[in-house]
Amino acid sequence: MFLLFQTTAATLGNGFLHLKRKGRRHWPEAILARMAIGTTLALSVALSLGGGVAWYTGVPGLVDLWGIVEALALALGAGIAVGFVNCALFAILPVWRPLWAVTSRLLFLVSGVLFLPSDLPSTVQWILEWNPLIHILSLLRESLYHGYAPLYQSSFFVALRRRHPSATPNPH
């Protein structure tokens with residue numbers, strides 16, 4: 001899931017600089033084409049690996065396909081949004097490229113790819129809830145693993161990037 005987000009964001013972010021060097025004027029079509037190719041590649045890798053592992057291990061079909069599709073769509077949307085922002089920032093601020101390289105690696109570490117956020121203390125959970133990728137990965141885990149039900153997963157938060165103040169848990 002994080003790979004889909006990162007691939008889409010990197011493809012869009014680097015697309016404008018590639019076109020700028022070539023001197024082309026029809027950049028929206030070229031950036032959207034790069035996005036489509038990168039997204040297709042990332043989705044095909046994710047589906048072939050996931051399907052191959054499920055077929056090889058003989059896992060019964062207890063997965064929520066709609067939840068997986070929703071998580072993929074949210075990761076793709078977040079990747080497109082971050083990619084377009086990076087596209088503009090790469091063109092405006094040359095220093096943003098190395099900053100984004102460091103930031104994306106830190107984002108990988110705090111997005112819940114290597115750990116379960118529900119195992120952390122409540123204060124750390126409250127801080128990490130502001131990361132939209134935590135919600136996307138929680139939705140994917142909830143769809144894949146029967147019985148995994150995080151309390152902090154919200155597709156609405158990822159889609160709109162905001163939450164109602166009463167829905168925010170108190171860390172104390």
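The legends below describe close-up views of a predicted model of one protein chain.

**Figure 1. The chain as a whole is built from helices and has no strands.** The chain holds seven helices and zero strands. Read from the N terminus, the order of elements is α-α-α-α-α-α-α. Of the 172 residues in the chain, 33% are buried. Among contacts between residues at least 6 apart in sequence, 67% join residues at least 24 apart.

**Figure 2. Two spans carry a transmembrane annotation from UniProt.** The record, an unreviewed entry, places the feature "transmembrane region" at residues 31–56 and 68–92. In the model, residues 31–56 are 100% helix and 0% strand.

**Figure 3. Helix α3 meets helix α4.** Two packed helices are described by the angle between their axes and the distance between the axes. Helix α3 covers residues 65–92 and helix α4 covers residues 96–110. Their axes come within 9 Å and cross at roughly 150°. On the α3 side, the residues in contact are Val82, Asn86, Leu89 and Phe90. On the α4 side they are Trp96, Arg97 and Trp100. Sorted by class, this contact has five nonpolar residues, one polar residue and one charged residue.

**Figure 4. The largest nonpolar core has 14 residues.** Which residues have the most contacts inside this core? They are Leu4, Phe5, Ala71, Leu133 and Ile136. Helices α1 (2–22), α3 and α6 (132–144) each supply at least two residues of the core. The most comes from α3, which gives six residues.

**Figure 5. Isoleucine 68 is a buried residue of helix α3.** Isoleucine 68 lies in helix α3. It counts as buried because its relative accessible area is 16%, and the cut-off for buried is under 20%. Apart from neighbours within four places in sequence, isoleucine 68 is in contact with Val63, Leu140, Ser143 and Leu144. Glutamate 142 is 74 residues away from isoleucine 68 in sequence. In space, the C-alpha atoms of isoleucine 68 and glutamate 142 are 8.9 Å apart.

**Figure 6. Asparagine 131 is joined to serine 111 by a polar contact.** Asparagine 131 is placed in the loop between α5 (122–128) and α6. Is asparagine 131 buried or exposed? With a relative accessible area of 10%, asparagine 131 is buried, because buried means under 20%. The polar contact between the side chains of asparagine 131 and serine 111 is 3.1 Å.

**Figure 7. Histidine 146 is an exposed loop residue.** Histidine 146 is found in the loop between α6 and α7 (155–160). Its relative accessibility is 72%, so histidine 146 counts as exposed; the cut-off for exposed is over 50%. How far apart in space are histidine 146 and aspartate 64? Their C-alpha atoms are 8.8 Å apart, while 82 residues separate histidine 146 and aspartate 64 in sequence.

**Figure 8. Alanine 101 is partly exposed in helix α4.** Alanine 101 lies in helix α4. Alanine 101 has a relative accessible area of 29% and is therefore partly exposed. In sequence, alanine 101 and alanine 10 are 91 residues apart. From C-alpha to C-alpha, alanine 101 and alanine 10 are 9.8 Å apart in space.

**Figure 9. Alanine 46 is partly exposed in helix α2.** Helix α2 covers residues 27–57, and alanine 46 has its place there. The relative accessibility of alanine 46 is 41%, so alanine 46 counts as partly exposed. Leucine 4 is 42 residues from alanine 46 in sequence. The C-alpha atoms of alanine 46 and leucine 4 are 8.2 Å apart. Leucine 4 is also one of the residues with the most contacts inside the largest nonpolar core.

Note on methods:
Residues numbered from 1 in each chain as written. Predicted model: local features only at pLDDT ≥ 70, side-chain atom pairs only at ≥ 80, totals over all residues. Heavy atoms only, no water. UniProt positions renumbered as here; feature names shortened; annotations may be inferred. Helix = DSSP H or I, 4+ residues; strand = E, 2+ residues; numbered from the N terminus. Axes fitted to C-alpha atoms, helices over the stretch in contact; angles between N-to-C directions. Contact = heavy atoms within 4.5 Å. Nonpolar A, V, L, I, M, F, W, Y, C, P; charged D, E, K, R; others polar. Core = buried A, V, L, I, M, F, W, Y, C linked by side-chain atoms within 4.5 Å. Buried < 20%, exposed > 50% of the residue type's maximum accessible area, 1.4 Å probe, protein only. Polar contact = N/O pair within 3.5 Å; in protein donor to acceptor, adjacent residues only side chain to side chain.
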